[in-house]
Amino acid sequence: MATFVGDKSGFSVYEGQEILRVEAWGDNSARVRSTLGPCVTETPGSALGEAEATNVSLEILGDRARMHNGDLVVEVLDRSAEEFPFPPLVRFFGSGGARELFSERASHFSSPPHRRYSGSGDLHRCEVTFKAFAGERIYGLGQHQHGLLDQKGTVIDLVQRNSEVCVPFALSNRGYGFLWNMPGVGRVELAANRTRWVADGARQLDYWVTTGLTPAEIVSRYSTVTGLPPMMPAWASGFWQSKLRYRTQHELLEVAREHKRRGLPLSVIVVDYFHWTRQGEWKFDTAEWPDPQAMVDELRGLGIEVMVSIWPTVNPASENYSEMDMRGLLVGNVRGLPLHLPFWDKGRDGQTFVRYYDPTNPEARRYIWQKVTEGYRRFGIRAFWLDACEPEMRPEDPESALYYLGSGIEVQNVYPREHARGFAEGLLADGEKDLLMLCRSAWAGSQRYGAAVWSGDIDSSFEALAAQVPAGLNIGISGIPWWTTDIGGFKGGDPSSAYFRELVVRWFQFGVFCPLFRLHGVREPGPLVGSGQTGSPNEVWSFGDEAYGIIREQLAIRERLRPYVMDQMAAAAATGVPPMRALFLEFPNETPAWEVRDEFMFGPDILVAPVTVYGERARDVYLPEGASWLDAWTGAPVKGNGWTTAEAPLERIPVYLRQGGALNTLSSGGGSQE
């Protein structure tokens, strides 16, 4: 028989060996934890900040308890007296209890229960199963390369990998948001017959639920409870130039100077990897970068910010390795040698094994920041590219990894968030107000540390370009509003080919309307990896005269858009709603808005329909019925809404402006609407 005990923030349920805890956690939201241990505890790496609820009431009625928190109702039923006894069942209702949002459900009346704890010792394989609903759609869950916007029907590994970002927040068209508040490795199965969340190793189950009148309201509540982003620095809103890699200070400066000679806007230029002496020394190789201060001063005088690539890896031959190992600042290993990744480095012809530092250790975060201060901050550098921060380990064996915060299987997905945290804390302690770290991975709450995510080492193909649209929309729903891609894709692009030249034009036309606007990649011919790597040119003038003319216009469009971009960043900082939005965030009452995965809103007033097929010169576009639209290139009103076929010559993609919004044209000479 279950025992219900209420208190001012929720209630606890005791039945057999299990303790179930339901608490109000923010307005219209609840946190649910359960364990076989002696008590419910704080989950290591929890994404949830403290969140008060102002409209909470509680009922305990015999075999059930109900908590009302605004529009959300959480009900727990005692099922111990049934023919096949089950643990207490948790159900969620919206609209003050008027409609079911979702509920726990066992897969069969005689099967294992809806909450399971397998294994012995401190960590269990934990899972919880929920009822599935016909017509339900699921969005968010970080960034994935499967090309889907609606992720119902998929199985998603809850693990960080290059280009696959695990942020376990799901938004349902049934009117709720769900955060799996467990940073360990696992999976979610979004099947037609059930939804199942699995943690491969955890001390307890921990998830958070919210509801709202609109999907944008749900995203905002989730972002608020996990931490709103800071205001994005104004310097980040323009064009970023990068390639893999500029080998010397002179080479990088010549690219920046050429931008200015040509009258091209440039906001950020990137010093990529192997500018260092060895991995784990976090300083410039003075043979190639002889005067970083002069470089920073010249570029800042030109209005250009310098961003430097920082890797979290440490070469055992580096000057810092012994001290870091002795002080316990590196990720350990419970079996075998604690070496994590075979990779190239300076001073060696072949590969060497490198090791990751442990950002879950506050002392390790402070140590890295001290080295970064000595190696980069003293020159005034304040923009950092936190590459390879999944962490990318080979083989992928989180059960063997040992962190300050716990076993890798329990906490490893939190690595990129804690890595960004160390840099954010260091910059703030230095008095810097501008926070932006470009990261290859993230977890729930990364946004509060100024983490911008890019989509990783993707292919240079139209198929990859098409996949980036839903990838960017889903990571925005997952609370990460600052997002970008490698324009042109990262690998496999030949600047001399007609295919790639068209691809890079179409990618630039998409990139103009991404939160961050950034060119990067390794171009053929050239060695793909190694400390001698540079690849072919990857500047905006590198792809032929026709492409250059079109790209130059895209740079001008972005410059004209920068005030609008910053307005959207201010909105993201205040509400958590991302600048790049699935159509349903603006038009939730229109069914096609939940289905279209190859269009998006850029803020409330710009509808973008990228071209993602080679040779395509027209495409179908859905114009939501809930607004009137202007052609962005002519300013002319569009007659009729719904589905239409839009022309898409190589020079432009279909873009539309909300009539009565902030803009009336994107062409030169255009301006705001009165």
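This is a predicted model: local features need pLDDT of at least 70, side-chain atom pairs count only at pLDDT 80 or more; totals for chains, interfaces and linings use all residues.

Reader: What makes β11 "mostly covered"?

Author: A residue is called buried when its relative accessible area is under 20%. In β11, seven of the eight residues are buried, hence the label.

Reader: How do you know that β10 and β11 are paired?

Author: Two strands count as a pair if there are at least two bridges between them. Strand β10 (residues 115–118) is joined to β11 by four bridges, and the two run antiparallel. You can look at R116, which stands opposite E127 in β11. These strands form a hairpin with five residues between them, and there G119 takes a positive phi near 95°.

Reader: What makes β17 a partner of β11 as well?

Author: Same test. Strand β17 (residues 194–202) and β11 pair over seven bridges, in the antiparallel sense, and the definition asks for at least two. As an example, F130 has T195 in β17 as its bridge partner.

Reader: And what holds strands of a sheet together in general?

Author: Strands pair through backbone hydrogen bonds, either parallel or antiparallel.

Reader: Why are β32 and β36 called edge strands?

Author: Because each of them, β32 (580–581) and β36 (629–631), pairs on one side only. They belong to an open sheet of five strands in the order β32-β33-β34-β38-β36, with antiparallel pairing.

Reader: How do you know that β32 pairs with β33?

Author: There are two bridges between β32 and strand β33 (residues 600–602), in the antiparallel sense. The rule is at least two, so the pair counts. R581 stands opposite M601 in β33.

Reader: Let's zoom out. How many helices and strands does the protein chain have?

Author: The protein chain has 11 helices and 38 strands.

Reader: How much of the protein chain is buried?

Author: Of the 674 residues, 63% are buried. Also, take contacts between residues at least 6 apart in sequence: 70% of them join residues at least 24 apart.

Methods: Residues are numbered from 1 along each chain as its sequence is written. Side-chain values use heavy atoms; hydrogens and water are left out. Buried means under 20% relative accessible area, exposed over 50%, partly exposed in between (1.4 Å probe, protein chains only). Contact means heavy atoms within 4.5 Å.
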